[in-house]
Amino acid sequence: HGAGLGDIVKSTIYMTDIRHFPEWGKCRAQALEGAEVPASTLLNVTQLAWPDMAIEIDVMAVIGAK
């Protein structure tokens, strides 16, 4: 619908192993390079809806909000 990474205003990250947080931080910084960093919440969970998954990312974007 025309939104890009720069339009993200909030993200929620669900991670099954918090030890991967440093790697997540590097990936996030690379993906959002040059964009304003959105508000975010990180939750350590025991399992996701798909058991083979290690991370789930939910974002809210508002086109033209920034």
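The model is predicted, so local features need pLDDT of at least 70 and side-chain atom pairs count only at pLDDT 80 or more, while totals for chains, interfaces and linings use all residues. Residues are numbered from 1 along each chain as its sequence is written, and side-chain values use heavy atoms, leaving out hydrogens and water.

**Sheet**
- Three strands form an open, mixed sheet in the order β2-β1-β3; strands are DSSP runs of E of at least two residues, numbered from the N terminus, and two strands pair if DSSP finds at least two bridges between them.
- β2 (39-44) and β3 (55-61) are the edges, each with a single partner strand, so one side of each lacks a neighbour in the sheet.
- Neighbouring strands are turned by 10° against each other on average, direction ignored; axes are lines fitted to C-alpha atoms, for helices over the stretch in contact, and angles run from 0 to 180 degrees between N-to-C directions.

**Strand pairing**
- β1 (residues 8-15) pairs with β2 in the parallel sense over six bridges.
- In β2, Ser-40 is the bridge partner of Ser-11, and Leu-43 stands opposite Tyr-14.
- β1 and β3 run antiparallel and are joined by seven bridges; Met-60 in β3 is the bridge partner of Lys-10.

**Helix**
- Helix α1 (residues 21-31) packs on the sheet and touches β1, β2 and β3, where contact means heavy atoms within 4.5 Å; helices are DSSP runs of H or I of at least four residues.
- The direction of α1 makes about 155° with that of β1.

- Ile-55 is found in β3.
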